[in-house]
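User: I would like to learn how to read the main features of a structural model. Please take me through them one at a time.

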2 protein chains.
Amino acid sequence: MPREHKDPEEKIRERNIRLIIKAGIEIFSRKGYDGTRIAEIAEASGLPKANVYYYFSSKEQIYTAIIEHLLEGWDNALKYITADREPADAFRLYIRAKLDYTRKNIAESRLFASEIIQGARFLKKKDRQHIRDVTDKHVAVVEGWIAEGKILPVDPRHLFIMLWASTQFYADFEPIAADGLKKSRLKVEDYEMAAKTIAETVLRGVLPHA
Amino acid sequence: MPREHKDPEEKIRERNIRLIIKAGIEIFSRKGYDGTRIAEIAEASGLPKANVYYYFSSKEQIYTAIIEHLLEGWDNALKYITADREPADAFRLYIRAKLDYTRKNIAESRLFASEIIQGARFLKKKDRQHIRDVTDKHVAVVEGWIAEGKILPVDPRHLFIMLWASTQFYADFEPIAADGLKKSRLKVEDYEMAAKTIAETVLRGVLPHA
DNA sequence: TAGTAAGTTGACACTTTGGTCAGGTTTTGT
DNA sequence: ACAAAACCTGACCAAAGTGTCAACTTACTA
């Protein structure tokens with residue numbers, strides 16, 4: 001067990017932890033929790049295994065640190081659904097931001113997906129609660145729009161699941177998405193086309209008249 | 001290595017293989033490939049580990065047998081997109097069938113998702129080709145509908161990804177879907193509501209006038 | 001610049017795991 | 001009933017995995 005350190009802002013410490021987290025994201029995302037070996041994280045981060053254990057007392061601690069870390073980044077893409085925007089703009093921004101974020105953070109996305117598929121074993125209660133709170137807020141906004149007649153009456157929760165699922169898919173299931181698009185790998189243009197298709201379809205699906 | 005057997009329809013063999021596959025689906029889906037231990041599959045299937053190895057020569061062989069097995073079942077839900085149907089009916093049937101299949105085969109769905117997230121390491125070339133072929137066929141049908149003016153010009157490939165992603169999500173990411181819906185677990189009604197929302201939204205999104 | 005805190009690491013202990021095997025029992029065909 | 005084929009399994013490896021530790025080096029501080 002590593003000793004308690006005093007914790008001013010240290011240089012070496014920060015750098016090494018960053019390296020470990022970065023390597024961890026990459027490897028956990030490809031191998032899942034159980035499939036990942038600390039030795040591999042050590043190698044990928046350029047540190048000897050024992051040094052990894054100097055900073056983290058267990059595999060689980062590395063993993064949960066990563067989960068914590070990626071949940072922070074998540075929130076940013078989800079801030080576009082606000083009542084003062086027009087629904088069309090809000091959804092378009094949301095879809096683009098989400099696709100952009102997942103494209104630039106594919107490993108994190110997959111790691112999170114892996115964690116959920118395997119039953120959210122290490123996702124803390126407070127983190128799940130946070131996700132629920134954010135969802136509730138967005139749902140309330142959509143319900144407001146429905147009440148104002150700005151969008152058609154559609155179940156907001158299922159609607160968000162649709163958006164989340166559709167945007168997430170390109171990163172999490174890239175091999176299948178690429179096969180479906182007849183590409184060998186996805187490029188930026190594919191993500192742009194995805195944003196366009198999802199936005200157009202969903203907007204026509206929820207906006208009145210049109 | 002197990003010897004070659006003559007292979008008439010055997011009773012014991014079939015039963016044991018079925019038990020192993022069944023247990024394997026359950027455990028591989030929860031733990032991923034690397035996280036699964038043969039001993040656990042053995043225990044869950046009620047057979048001693050050595051007996052499992054009597055029927056399968058390696059962990060990988062069990063795993064690929066399962067993948068093969070679930071891809072067969074997959075095709076059935078995907079047969080509803082045919083040119084002689086009206087688009088609205090075809091999409092509705094497709095969405096319902098897909099959600100139904102995933103709901104009744106959650107473990108398989110997750111296993112497949114796990115496999116893809118981890119880079120489709122064991123998905124054979126021919127299986128990927130098969131998926132591509134089926135997609136191509138469906139894409140052609142949708143393109144036909146577009147040419148006839150029966151649906152709006154939308155990228156068929158991204159459209160199918162949207163549908164696949166949305167339907168898949170409820171099974172693969174059940175904890176998150178449940179959180180999003182403010183339920184502790186998903187029930188049949190939730191899947192029905194999902195089908196309704198997805199179908200309504202997408203249909204309004206791709207059908208003309210409406 | 002001396003002393004202490006922080007960081008580093010090879011080697012090791014212990015456990016788990018995939019896979020093997022030799023010899024046993026049951027089933028099947030004749 | 002007999003032999004052959006199919007089936008079963010406890011005991012056993014070698015490899016790989018997690019986590020530990022004592023001794024060493026480097027970095028900071030007064």
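Analyst: From the N terminus on, the elements of chain A in this predicted model run α-α-α-α-α-α-α-α-α-α. The secondary structure of chain A comes to 10 helices and zero strands.

User: What does the C-alpha trace of chain A span along its principal axes, and what share of its residues count as buried?

Analyst: The trace of chain A spans about 65 × 40 × 30 Å along those axes. Of the 210 residues in chain A, 54% count as buried. Contacts may also be sorted by separation in sequence: among those in chain A between residues at least 6 apart, 68% join residues at least 24 apart.

User: Into which domains is chain A divided, and how should I read the relation between them?

Analyst: Chain A is divided into domain 1 (11-57) and domain 2 (67-206). Taken over C-alpha atoms, the centres of domain 1 and domain 2 of chain A are separated by 29 Å. Seven residues of domain 1 of chain A are in contact with nine residues of domain 2 of chain A.

User: How is the size of such an interface expressed?

Analyst: The size of an interface is often given as the accessible area lost when the parts come together. Between domain 1 and domain 2 of chain A, the buried area is about 670 Å², and carbon and sulfur atoms give 68% of that area. Ile25(A), Ser29(A) and Tyr33(A) supply 64% of the area that domain 1 of chain A buries against domain 2 of chain A, more than any other three residues.

User: How many salt bridges are counted between domain 1 and domain 2 of chain A?

Analyst: As a general idea, side chains of opposite charge can pair when their charged atoms come close. The count between domain 1 and domain 2 of chain A is one salt bridge. In chain A, Arg121(A) forms a salt bridge with Asp34(A), with the closest N and O atoms 2.9 Å apart.

User: How many residues does each chain bring to the contact between chain A and chain B, and what area is buried there?

Analyst: Chain A brings 51 residues to this contact and chain B brings 52 residues. The area buried between chain A and chain B is about 4,900 Å², with 67% of it from carbon and sulfur atoms. Six salt bridges are counted between chain A and chain B. A salt bridge also joins the side chains of Arg132(A) and Asp179(B), at 3.7 Å from N to O.

User: How many salt bridges does a search of the whole structure find, and which residues are linked in a network?

Analyst: The search finds 33 salt bridges over all chains. Glu68(A), Lys124(A), Lys126(A) and Asp127(A) are linked in a network of salt bridges.

User: Which parts of chain B does the pair Glu68(B) and Lys126(B) link?

Analyst: Glu68(B) and Lys126(B) form a salt bridge whose closest N and O atoms are 2.5 Å apart. The pair links distant parts of the chain, with Glu68(B) in helix 4 (residues 59-77) of chain B and Lys126(B) in helix 7 (residues 125-147) of chain B, 58 residues apart. Glu68(B) is partly exposed, with a relative accessible area of 25%, whereas Lys126(B) is exposed at 53%.

User: Is Arg157(B) buried or exposed, and what is its partner?

Analyst: Arg157(B) is buried, because its relative accessible area of 17% falls under the 20% cut-off. The side chain of Arg157(B) meets that of Asp136(B) in a salt bridge of 3.1 Å, N to O. This pair also links distant parts of the chain: Asp136(B) lies in helix 7 of chain B and Arg157(B) in helix 8 (residues 156-172) of chain B, 21 residues apart. Asp136(B) is partly exposed, at 22% relative accessible area.

User: How may one residue be placed in its surroundings? Where is Lys150(A) found, and which residues does it touch?

Analyst: Lys150(A) is found in the loop between helix 7 (125-147) and helix 8 (156-172) of chain A. Not counting residues up to four places away in sequence, Lys150(A) touches Glu86(A), Pro87(A), Trp145(A), Leu207(A) and Pro208(A). Lys150(A) and Ala88(A) are 62 residues apart in sequence and 9.5 Å apart in space, C-alpha to C-alpha. Lys150(A) forms a salt bridge with Glu148(A), the closest N and O atoms being 3.8 Å apart. Lys150(A) is partly exposed at 26% relative accessible area, while Glu148(A) counts as exposed at 52%.

User: Where is the kink in helix 1 of chain B centred?

Analyst: The kink, of about 80°, is centred on Ser29(B). Helix 1 (residues 11-35) of chain B spans only 31 Å between its end C-alpha atoms, whereas a straight helix of 25 residues would span 36 Å at 1.5 Å a residue.

Key. Residues numbered from 1 in each chain as written. Chains lettered and ligands numbered in written order. Predicted model: local features only at pLDDT ≥ 70, side-chain atom pairs only at ≥ 80, totals over all residues. Heavy atoms only, no water. Salt bridge = Lys/Arg side-chain N within 4 Å of Asp/Glu carboxyl O. Buried < 20%, exposed > 50% of the residue type's maximum accessible area, 1.4 Å probe, protein only. Helix = DSSP H or I, 4+ residues; strand = E, 2+ residues; numbered from the N terminus. Expected span 1.5 Å × (residues − 1). Bend = angle between axes of the 7 residues up to and from the residue. Domains from an automatic or database assignment. Contact = heavy atoms within 4.5 Å. Buried area = accessible area lost by both parts, 1.4 Å probe.
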